[in-house]
Amino acid sequence: KIQTIEKITIPEKVSVSVAGRKVTVKGPRGTLVKDLHHLNLDLRVDMKRKTFTAIRWFGKRADNATINTGLSLVRNMITGVTKGYKFQMKYGYKRHPMRPVAAKDGK
C-alpha cells in the first residue's frame with residue numbers, strides 16, 4: 001500500500017493540536033502534551049470536521065501497526081482530559097507478599 005489512513009473523532013469541549021508530532025490535547029480537566037516523534041506518522045487535525053488523522057506512507061504490515069499505537073495514545077489523552085483516571089495501589093502478590101505498616105503518627 002502506498003498510503004494507510006485511520007481517523008478518530010474529537011469530542012465536544014476538547015481541542016487537539018499538532019506541532020511537529022507533538023500532540024497537545026486540551027479539555028475540561030486540563031491539558032496533556034505527548035511527543036510522538038518516535039512514530040513515523042503524518043498527524044493531522046481537522047477542527048471543522050472534528051477529526052484526528054494518522055497517515056503512514058509506504059508502510060509494510062508492521063509499520064502500519066504504529067497507526068493504532070498513535071491513535072490509542074491520543075484516544076487515551078482525550079479520555080484523560082474529559083473523564084480523568086484513578087490509580088489504585090496494590091499491596092503484595094503471591095510470591096512476594098508485602099506488609100504495609102502505617103507511620104507512628106497515623107498518616
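Accessible areas are computed with the Shrake-Rupley method and a 1.4 Å probe, and for residues only the protein chains shown count as cover. The model is predicted, so local features need pLDDT of at least 70 and side-chain atom pairs count only at pLDDT 80 or more, while totals for chains, interfaces and linings use all residues. Residues are numbered from 1 along each chain as its sequence is written, and side-chain values use heavy atoms, with hydrogens and water left out.

**View 1. The whole chain and its surface.** The chain exposes about 8500 Å², of which carbon and sulfur atoms supply 52%. Its secondary structure comes to one helix and six strands, where helices (H or I, at least four residues) and strands (E, at least two) are DSSP runs numbered from the N terminus. Along the sequence these elements follow the pattern β-β-β-β-β-β-α.

**View 2. The largest nonpolar core.** Such a core is a set of buried (under 20% relative accessible area, 1.4 Å probe, protein chains only) Ala, Val, Leu, Ile, Met, Phe, Trp, Tyr and Cys residues joined through side-chain atoms within 4.5 Å. Of its 18 residues, Val14, Val16, Val23, Val25, Leu43, Phe52 and Val74 touch the most other members. Strand 3 (22–27), strand 6 and helix 1 (61–82) each supply at least two residues, and the largest share, six residues, comes from helix 1.

**View 3. The surroundings of valine 74.** Leaving aside residues up to four places away in sequence, valine 74 touches Ile8, Val23, Leu36 and Phe52, a contact being heavy atoms within 4.5 Å.

**View 4. Tryptophan 57.** This residue lies in strand 6 (residues 51–57). Tryptophan 57 counts as partly exposed because its relative accessibility is 39%, which falls between the limits for buried and exposed (over 50%).
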